[in-house]
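Hi,

Here is the structure I promised to pass on. Please have a look at it first, and then read my notes below.

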Amino acid sequence: MSERTRTRTVLRLAQPPARRFVPGVLVGALGAGSAVALLACSAWLIARAAEQPSIVYISLAVVGVRAFAIARGAFRYLERLVTHDAALRQLTRLRVELLERLVPLAPDGMNAIGRGDLLTRFSRDVDELQNLPLRVLQPALVAGVTAVGSVVFLWFLSPTAAIALAGCLAVAFVAGTLLHATVSARADAVIAPRRGAVGAALVDLLSSLEALIAYGAVDASLNRVAAADAALRRAETRAAIGAGLSSGVVSLAAGAATLAGIVIAVPALRSGTLDGPELAVIVLVPLAVFEVCAMLPAAVGASRSVRSSAERVASAVPDVVPAELAVDDADARPLAPGADSTLALRGLTARWPDGGGAIGPLDLVVRPGERLLVRGGSGAGKTTLAHTLVRLLDYGGSFSVGGAEARELQQDGIRTLIGLCEQQPWIFDATLRDNLVFARETATDAELTAVLARVGLADWAASRAGLDTALGEHGSRVSGGQAQRIALARALLADFAVLVLDEPTANVDADRADEVLRDLLAAASSDGRTVILISHGEVPADLVDRTVTLVDGRIPA
Amino acid sequence: MKPLDPRLLRRAAGARLFLLGGGAIGFVQTLAIIVFAWCTAQSVSRAIDGATLDELAPLLAGLGAAVLVRGACIWATDAAAAAASSRVKGELRAQAVTAAVRLGPSWARGRGTAALATVLGAGLDALDAYFGKYVPQLILTVIATPLLVLVMLVQDPLSGVIVIITLPLIPVFMILIGWATQAAQKRSWSRLQLLSAAFLDVVGGLGTLKIFGRQHRQAARIGAVTDDYRRDTMKVLRISFLSGFVLELAASLSVAIVAVQIGLRLLDGAMPLSVGLFVLLLAPEAFLPVRGVGVQFHAAADGLAAANDVLGILDEADAAPATSEGAEPPSTSVAGSPGSSAAASAAAPTRARRPSPAHLEITGLSVAHDGARVLDGVTAGASAGAITVVVGPSGAGKSTLLNAIAGLDGATYHDGGMILLDGRPLDRADVAWSGQQPGLVSGTVAANVALGDPAPDEARVAATLARVGLNDVAPSAPLGVGGSGLSGGQAQRVAIARALYRLEGRGCRILLLDEPSSALDSASEQLVIGELRSAAASGAIVIVVSHRPALIAAADAVIGLEEVARV
């Protein structure tokens, strides 16, 4: 799928369905039409009254003026409610849909996107997409319907005047939009990435502030923020000139329409094809029409920002999942209940999406209840193996789970059997309870506390706010060791039949590492659980049944 | 809601300038509107009275000129507003990042660095709509509306009076509805921020959720939460749009009333058509800016809320004690407790007694974090030439001790005690530090290693990288935001290389490393231990936090910390 098609897909996602969108346009057109009708009716009323007819002749116009005045406010209010509701509903769908698209990529296909950039794309850019229905299509369609309606109305009074109005409107439409597009096309496209650059510079500064202070590099980092900001300012100022120019041109076209109305209507009046009140209407109607159309340049501007945000969102969620990542086949089967947990690897190969960390061909059989240690140095492919076992990474060769080929089974099913304790576990910005309970949603507080005791966190939790302890953004309020223990606790709660521990004690104090491993392996073997422990370091020999060593992605004979 | 935050005007020169410039443009624009309306009304009424196009030529020329001036003013206002917004954002952002630095790393972590980056980055963009759409209408309300009403009063007192009576209804309703929605608006804004943080948290933790089979449920939860937000927001909008409704209604109804009463008086022949048309054209123009202010209420609320977040940070920084750490290197990192100067002079004889080797003396150091005491009266020392390893269980305050020595976040959480190097207060220039997180930034690997060095020595950078076993990482390799692009072990070694580079280049006395080998295999760990050994041998005080047996085995001295709660 091409970049453009992907952007279009994102834009389609941002656009509410017709049944929610069309009512807003209709109500909006009625409101704008009422504004035009109010001025037309007022002009006719005044000019006709100046001819001093009987009051009967103007009474209908009096009613009309009042009715249109009320209708304008009421329709406008309704329009705003309807359109905002539709846009916000769509935001919900958009967020969920984007998350669902990220799911097949997570976690190993997401590394290419930097944190600050991801932040911008998923807050600023996704929010910006709401403007597609709200500030692009809605005003454009309302203005279009109103303009056409007004031209048709004038046609019945004076076709020439109607053509003149249509001409001025066309000039305003075309010049306003084209001019806007030409002047600000380049600036708009650079604004979103420059905003991203400012965001990235801010994240660099704020998240590494300690190191920057310690190295006396704060000023340099501040300068980087300032430079990114200056670049953003240049782009924004360029865009400003474009937006202003097109509003100015629309205003000029509006004035020209009034002038043209006078120039066309005055001879018609003298030749008797028009009367005085009709002349007043022809001259004044353009004023109201152009007031409605004045929002067009802003709509065009918004459309450019929306498009550029859509492009950035589209590129953050590639639709093609890299071949290295596991994807369910359409005919993938669920894992058979009570499946045997024997894992057998035959000639298995796997690697990261960037081509690194390649392993294999590997031959390895892990029997139920076995406690296996996989040792290896940095870059030996230990984490590749761990992610392959839980089907985050796809593989070549064969990997069977309880006798069934893993790639023919649904990933989610395999992951109810085989669990992973990640090397860098993600700690959610929530309480300790929330960080545990998603692993087993039925767990009671007592069970959670018990599992905390098994990973040696009971005292720590008790000295804080217990299960209500807030762990902070990205676990900022827990140490590396505590984060690992929380991850261990989650894995125990989920009660996997096979548990892969990727360096579980990398950040646990040496004096407790053995103790935690002992606790863990004891708990695991009492349930007959298989434990695959991946570590670069030594592990007390009595804790494991078997050790294999990984060297450059292979197990040497 | 105040339409203009005085603090915004005080802090941002761009905002003040725009008020002046926008006022001048608004005045000219108003004159153009009056001329346009007058020429149009005269042309129509004279044409009805039988004038030919030739006779109307001067009026039409005036009309054309007014159109040109009006167009120019509209362009100038838009351009000036966008430029002003951009400038104000830059001014606020520059002040706020400086303030954030002054408030320190632990403050930033407490606020959440991602949320903070949003407030200072994307959040401020709400000012675009505020300056672009709201403030110009505000300026015109102050300049154009009174001027137009005055002209109407002179031309037709009755119409003028009608407008004068209707106009104040608008601000009254605006204020009433504004009061009703203010708290809700604020809540809605902070919920939006929480929501995007939660959304990002799920995006970041998607891998973990997937392992537990919770990815789809979590996506559904984000959907439910966003939908809750929509329902709440719609409740707010129903009321805040009501103010828009009242504005529109008041404006259009008063135009209708003016039109009808002018019509009735024309019917009696009580006023000329030209005056009637002139007033009819001016009436909506008088309401236009007021309506604009109302319609842009949302833009204003969002802009002011975003500005308020940033102004709050500036106020917080102003209120913070002047000793708070900042970009400027502090002369001392010792807590300003009353006893410290006495203690410092008492320590002076120590230096006289023991001139060399260099010695670091920590006495009675207490550190509180978030109100909880992390270190309580720690007394310890470390000498040059030796590797000192800090050990202790999780949460015993090992990292806190190291950061206190490095003078990081010192004044914000020092509780008492002192840290002296050879009897004198420690300077941050004495210290080469590396924390538990690598703390790398975007840029090349070399730029990270030579962080803070105004004249990086490329050869020494490459050599230092090689010494920690990073031969396979090119110094010119670019890193993403937060140092992304390296494995955990590589990032850790780049951070160690950075500390070694500083130690040697700046002649620092102290090397502080927090868990330098937690992500390393034993071969790499041995390389690092060798580097620590040679740093010590060259006369540095080496203090390392570690739980790794190999590192502890290499220690010449050990500082044992126990959890405060257990002491």
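This is a predicted model: local features need pLDDT of at least 70, side-chain atom pairs count only at pLDDT 80 or more; totals for chains, interfaces and linings use all residues.

Residues are numbered from 1 along each chain as its sequence is written, chains are lettered from A in the order in which they are written, and side-chain values use heavy atoms, without hydrogens and water.

Between chain A and chain B, about 12500 Å² is buried, and carbon and sulfur atoms give 67% of that area (accessible area lost on being put together, 1.4 Å probe, summed over both parts). Chain A brings 139 residues to the contact and chain B 141 residues (heavy atoms within 4.5 Å). The rule finds 10 salt bridges across this interface (a side-chain nitrogen of Lys or Arg within 4 Å of a carboxyl oxygen of Asp or Glu). B:Arg214 and A:Glu441 form a salt bridge at 3.3 Å, N to O.

Is A:Arg95 buried or exposed? A:Arg95 is buried, at 0% relative accessible area (buried is under 20%, exposed over 50%, with a 1.4 Å probe and protein chains only). A:Arg95 belongs to helix H3 (residues 56-102) of chain A (helices are DSSP runs of H or I, at least four residues). Leaving aside neighbours within four places in sequence, its contacts include A:Asp127, B:Ser196 and B:Phe199.

In chain B, domain 1 (6-319) and domain 2 (359-560) have C-alpha centres 53 Å apart; the bounds come from an automatic or database assignment.

Best wishes

Methods. Helices (H or I, at least four residues) and strands (E, at least two) are DSSP runs, numbered from the N terminus. Buried area is the accessible area (1.4 Å probe) that two parts lose on being put together, summed over both.
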